[in-house]
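Please consider the sequence and the three-dimensional model shown below. The paragraphs that follow lead through its sheet, its helices and its aromatic pairs.

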Amino acid sequence: MSVKSALRTLQILEAFAEAARPMSLGEVARAIDAPRSSVLALLATMVERGYLYRVGAAPSYYPTRRWLDLAHAVSESDPVSLRIRESLERLRDLTGETAIDAVLATDRSLYLDVVESRELVRFAAQPGETKPLHLSASGRAQLAVLEEGARRAVVAALPAGGAGRARLNRKALLETVDAERRRGWSTNLGEFRPDVISVASGFDLYGTVHSLVIAAPRHRVEAKADQIGRLLRDEARALVARLP
């Protein structure tokens, strides 16, 4: 029950972000596909705690700035994310392209932080997006960090799904990851999106598997993918060495 309540609380916040306006009890309940009685209890608790306020006599609800203030306080006190952000900004400035910090999240690669390119035409992404491990440079770079037994276990548990290039070939994936592990970086030449190239290098930070990623329009970076790979590999090693 507590897990369901936590999930619904997050879904409520996501619903407000998507709607970008005050919402009534019925609208929130429909947005998260939950019973009105359960949603009413959650909304009342969030109002009581100062995370929502009532708008109008109906009433409708809307989040307060408490969410934003707490998020800023948490983010600004996290020495690890701040150091990684420094690396992302440096990589963005050196390559001119979008830089990403991603982590291994069971069977997906999860974007934690994104520093977008300043180019008008660029790869755009948001924290919280995920990519399949076998079709992303970020995911394969994360697999490359794992010891062989753990890597095989993760690959064995991946859902097969998809068709064509999207279909998982476990043997081929393990062979590709092994080669990229020896090289020090992974390259995705349009496997997930044909117009995008991504290059990534993985590292272990306090027991969490990360990868630094550069993603960009294919026409701009294909010829220098290996140069970017070496840059990512060196930055990942330097980042780990800088942290206590």
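**The sheet and its surroundings**

Strand S7 (residues 186-189) is joined to S8 by antiparallel pairing over four bridges. The model discussed here is a predicted one. Within this pairing, leucine 189 stands opposite isoleucine 197 of S8, and asparagine 188 has serine 198 of S8 as its bridge partner. The hairpin of S7 and S8 has six residues between the strands, and glycine 190 adopts a positive phi near 75 degrees there.

S8 also pairs with strand S9 (residues 208-217), again in the antiparallel sense and over ten bridges. Here valine 199 finds its bridge partner in isoleucine 214 of S9. In the hairpin of S8 and S9, two residues lie between the strands, and tyrosine 206 takes a positive phi near 55 degrees.

These strands belong to an open sheet of six strands with antiparallel pairing, arranged in the order S6-S5-S4-S9-S8-S7. Its edges are formed by strand S6 (130-132) and S7, each of which pairs on one side only. On average, neighbouring strands of this sheet are turned by 30 degrees against each other, direction ignored.

Two helices are found against this sheet. Helix H6 (residues 137-145) packs on the sheet and touches S4, S5, S7, S8 and S9; the direction of H6 makes about 30 degrees with that of S8. Helix H5 (residues 79-95) lies across strand S4 (98-105), strand S5 (108-115), S8 and S9, and H5 runs at about 75 degrees to S5.

How far is strand S8 enclosed by the rest of the structure? Of the ten residues of S8 (residues 196-205), eight are buried, and S8 is therefore largely enclosed by the rest of the structure.

**Aromatic pairs**

A pair of aromatic rings is described by the distance of the centres and the angle of the planes. The count of such pairs in this model comes to two. In one of them, the rings of phenylalanine 16 and tyrosine 62 have centres 5.9 Å apart and planes at 80 degrees. Edge-to-face requires an angle over 60 degrees, so this pair is edge-to-face. Because phenylalanine 16 lies in helix H1 (residues 2-19) and tyrosine 62 in strand S3 (residues 60-63), the pair ties together parts that are 46 residues apart in sequence. Phenylalanine 16 is buried, with a relative accessible area of 2%, whereas tyrosine 62 is partly exposed at 27%.

The other pair consists of tyrosine 51 and tryptophan 67, whose ring centres are 4.8 Å apart and whose planes stand at 55 degrees, so the pair is tilted. Tyrosine 51 is in the loop between helix H3 (36-48) and strand S2 (52-55), and tryptophan 67 is in helix H4 (residues 66-76); the pair therefore ties together parts that are 16 residues apart in sequence. With a relative accessibility of 18%, tyrosine 51 counts as buried, because the limit for a buried residue is under 20%. Tryptophan 67, at a relative accessible area of 25%, is partly exposed.

**The buried side of helix H2**

In helix H2 (residues 25-32), the residues Leu25, Gly26, Val28, Ala29 and Ile32 are buried. Their arc around the axis is only 165 degrees, so they lie on the same side of H2. An α-helix has 3.6 residues a turn, so residues three or four places apart point the same way. H2 is followed by aspartate 33, which has a positive phi near 55 degrees.

How values were computed
Residues are numbered from 1 along each chain as its sequence is written. This is a predicted model: local features need pLDDT of at least 70, side-chain atom pairs count only at pLDDT 80 or more; totals for chains, interfaces and linings use all residues. Side-chain values use heavy atoms; hydrogens and water are left out. Buried means under 20% relative accessible area, exposed over 50%, partly exposed in between (1.4 Å probe, protein chains only). Two strands pair if DSSP finds at least two bridges between them. Axes are lines fitted to C-alpha atoms, for helices over the stretch in contact, and angles run from 0 to 180 degrees between N-to-C directions. Contact means heavy atoms within 4.5 Å. Rings of Phe, Tyr and Trp (its six-membered ring) pair if their centres lie within 6.5 Å; planes under 30 degrees apart count as stacked, over 60 as edge-to-face and the rest as tilted. The arc is that of the directions from the helix axis to the C-beta atoms.
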